[in-house]
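Colleague: I would like to learn how to read a few features of a structure. Could we take them in turn?

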Amino acid sequence: WNSLSPQEQQYLEAMARQEGPAKTKDLAKALGKSSTTEIGFLRERLINDHHLIRSAGFGSVEFALSEFRDWLHGQFNITGSSPAVRNRGTHREKEL
């Protein structure tokens, strides 16, 4: 978690707020972006570099490890339907 950028962390938090696979258009909206193009680089890094998410079909992503969603919920008390805007140093830092 600590090696992720704040934007990557926010992307994952937005995913954790979705039920099941997350639609990339909903993630873009939750992150205050007007299109999925603006967050595509985050998706690619989380898939190819960090291996934390994977494609779940056209326009959707899911956690590569199903337990990661639960970890995020427990770690950051994630509730509601929009991601908390957080600065990198404000998270309770625990290793996965």
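Predicted model: local features only at pLDDT ≥ 70, side-chain atom pairs only at ≥ 80, totals over all residues.

Colleague: How do I read a nonpolar core, and which residues touch the most other members here?

Modeller: In soluble globular proteins, nonpolar side chains tend to be buried together. Here the largest nonpolar core has 24 residues, and Tyr11, Leu12, Met15, Ile53 and Leu72 touch the most other members. At least two residues of this core come from each of α1, α2 (24-30), α3, β3 (60-63) and α4 (66-76). Helix α1 gives the largest share, 5 residues.

Colleague: And a pair of helices? At what angle do the axes of α1 and α3 cross?

Modeller: Two packed helices are described by the angle between their axes and the distance between the axes. The axes of helix α1 (residues 6-16) and helix α3 (residues 40-49) cross at roughly 85° and come within 10 Å. An angle of 65 to 115 degrees counts as roughly perpendicular, so α1 and α3 are roughly perpendicular to each other.

Colleague: Which residues make that contact?

Modeller: From α1, Gln7, Glu8, Tyr11 and Leu12 take part; from α3, Phe41, Leu42, Arg43, Arg45 and Leu46 do. Sorted by class, the contact of α1 with α3 has 5 nonpolar, 1 polar and 3 charged residues.

Colleague: How many salt bridges are found in the whole structure?

Modeller: The search finds 3. In one, the side chains of arginine 45 and glutamate 8 meet at 2.7 Å, N to O. That pair links distant parts of the chain, with arginine 45 in helix α3 and glutamate 8 in helix α1, 37 residues apart.

Colleague: Are those two partners buried or exposed?

Modeller: Buried means under 20% relative accessible area. Glutamate 8 is at 3% and is therefore buried. Arginine 45, at 27% relative accessibility, counts as partly exposed.

Colleague: Where are the other salt bridges?

Modeller: Arginine 43 pairs with glutamate 44, their closest N and O atoms being 2.6 Å apart. Arginine 43 has a relative accessible area of 21% and is partly exposed; glutamate 44 is partly exposed too, at 35%. Glutamate 62 and arginine 54 meet in a salt bridge at 2.8 Å, N to O. Glutamate 62 counts as partly exposed at 24% relative accessibility, and arginine 54 does at 41%.

Definitions and conventions. Residues numbered from 1 in each chain as written. Heavy atoms only, no water. Axes fitted to C-alpha atoms, helices over the stretch in contact; angles between N-to-C directions. Helix = DSSP H or I, 4+ residues; strand = E, 2+ residues; numbered from the N terminus. Parallel < 35°, antiparallel > 145°, perpendicular 65-115°, else oblique. Contact = heavy atoms within 4.5 Å. Nonpolar A, V, L, I, M, F, W, Y, C, P; charged D, E, K, R; others polar. Salt bridge = Lys/Arg side-chain N within 4 Å of Asp/Glu carboxyl O. Buried < 20%, exposed > 50% of the residue type's maximum accessible area, 1.4 Å probe, protein only. Core = buried A, V, L, I, M, F, W, Y, C linked by side-chain atoms within 4.5 Å.
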